[in-house]
Amino acid sequence: MAEKGVKVFGMWASPMVIRVEWALRLKGVVYEYVDEDLASKSDALLRRNPVTKKVPVLVHDGKPIVESTIIVEYIDEAWKDGYPIMPADPHDRAQARFWARFADDKCNAAIYPVFTATGKAQREVVREAQRCLKTLETALEGKKFFGGDAIGYLDVVVGWYAYWLPVIEEVSGASIVTDEELPLMKAWFDRFLAVDVVKDTLPPRDKLLALNKARRAQLLSA
Amino acid sequence: MGGEKKGLVLLDFWVSPFAQRCRIALAEKGLVYESLEQELLGDKSDLLLGSNPVHKKVPVLLHDGRAVCESLVILEYIEDAFPGAAPQLLPADPYARAQARFWADYVDKRVYSCGTRLWKLKGEGRAAARAEMLETLRTLDAELGDKAFFGGEALGFVDVTLIPLTSWFYSYEKQGGFSVEEECPRLAEWARRCGERESVAKVLTAPEEVHDFIGLLKKHYGLE
């Protein structure tokens, strides 16, 4: 009996997983969500993704797709008559893919150290994170969203900043995205979080805060 | 900054495997372009700095003056912008496309950076890089399986992503003390098969020249 339907293997606090959920919801696709304990991964997950063993994994009619940005493009192509996630113009598509890579490779690497840095060291890593985000911010100039008047691929890929960065800021006592330093990004945070599919899918803030507080304490005592 | 120059211009560097990906794709599709060799170890050109202000790296593809950066982004752009230029390197089916993108990303994230650690590091660092390189190549060998190409019967997206790095295998073998032929015979055979194609033969740097170039880099980084 062929397996039918859409399943997402994820973890409730993972920003990479939420991208997939936002993309599915934009397309109006009904899916089953399987929450994983990353410390004790299920056989089902490991069977579906033997190469990297990570979440998210999208399983569509029994076929697994991995890597969040690849999954988002797959969703756009598999349900091509739904909401357009990728831009239509080839150059715009290239720009969206370029910035998505930049965010995942450079910005994330610059943001992570803020989580555990303290004192003077924290000020320096915050400045580096702001530098990266300022570069990304140029892609917002003159637009409501990275995708233009409506959210698109790049919004889905970097949208997690809007919800997770304020949590990281609160947990670490740092201030990264401010009106002075990153006005366009700050304004986009508010607009993005007001989008229906986004606000309907966010993990509970108190739970996310508690998890990150605990994680930070663990990393600092290591 | 690229001006309004019509057509395709590739900001290039003779030994860059990333630029070579673009050159192979363009050649396979019969797309005419101008290659502009860049100075990377010295002063970078205004054109390069203006076209790729974020990374200041090659390759950059300029199409009617508009810049596209990052080799895999460029490969996808070529597919999107020239839909009539056969062969399509990505399959039509969304699932097959996702698989191709996954393996291209796997190659892109692992091979070159691991290879760099192989020649930059010594002792434990090098040993770890060696182990990782072997795991990567064996995984790729298994994924290729009995197919002629990663793309199946014909050259595809994953093939184009990995082919330029085959020129670096000789150096990785020397640094790591292993043989691709022995460890991954199917991959070695695939590399030979790809090397016979005109688009590849004209573009790839000879392995010995790559080896010499690494020697140059080692001096540049004060590692000799």
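This talk goes through two interfaces in a predicted model: the one between chain B and chain A, and the one between the two domains of chain B.

I'll begin with the annotations. For chain B, the unreviewed UniProt entry gives "domain: GST N-terminal" at residues 6–86. That span is 36% helix and 22% strand, and its end C-alpha atoms lie 21 Å apart. For chain A, UniProt, again in an unreviewed entry, places "domain: GST C-terminal" at residues 89–220. Here the chain is 73% helix and 0% strand, with 46 Å between the end C-alpha atoms.

Now the contact between the chains. Interface size is often quoted as the accessible area lost when the parts come together. For chain B and chain A that figure is about 2,200 Å², and 65% of it sits on carbon and sulfur atoms. On the chain B side, the residues that lose the most area to chain A are B:Tyr95, B:Arg101 and B:Phe102, which together make up 26% of what that side buries. In residue terms, chain B puts 25 residues into the contact and chain A puts in 25.

Which elements of chain B supply at least two residues each to the side that touches chain A? They are β4 (66–69), α3 (71–81) and α4 (94–120). The largest share comes from α4(B), with twelve residues. By class, this side of chain B has 14 nonpolar, two polar and nine charged residues.

Let me turn to the inside of chain B. The chain is divided into domain 1, residues 8–81, and domain 2, residues 94–220. Taken over C-alpha atoms, the centres of these two domains are 21 Å apart. Domain 1 brings 16 residues to their contact and domain 2 brings 27.

The area buried between the two domains of chain B is about 1,900 Å², with 69% on carbon and sulfur atoms. Which three residues supply more than any other three of the area that domain 1 buries against domain 2? They are B:Arg21, B:Ile24 and B:Leu41, and their part is 29%.

As for charges, three salt bridges join domain 1 and domain 2 of chain B. Look also at B:Arg101, which pairs with B:Glu76 in a salt bridge whose closest N and O atoms are 2.8 Å apart. B:Arg101 was already named as one of the residues of chain B that lose the most area to chain A.

On the domain 1 side, α1 (17–28) and α3 of chain B are the elements that give two or more residues to the contact with domain 2. The largest share, nine residues, is from α1(B). This side divides into eleven nonpolar, one polar and four charged residues.

One last point links the two interfaces. Helix α3 of chain B supplies residues to the side that touches chain A, and α3 also gives residues to the side of domain 1 that touches domain 2. That is where I'll stop.

Notes. Residues numbered from 1 in each chain as written. Chains lettered and ligands numbered in written order. Predicted model: local features only at pLDDT ≥ 70, side-chain atom pairs only at ≥ 80, totals over all residues. Heavy atoms only, no water. UniProt positions renumbered as here; feature names shortened; annotations may be inferred. Helix = DSSP H or I, 4+ residues; strand = E, 2+ residues; numbered from the N terminus. Contact = heavy atoms within 4.5 Å. Buried area = accessible area lost by both parts, 1.4 Å probe. Nonpolar A, V, L, I, M, F, W, Y, C, P; charged D, E, K, R; others polar. Domains from an automatic or database assignment. Salt bridge = Lys/Arg side-chain N within 4 Å of Asp/Glu carboxyl O.
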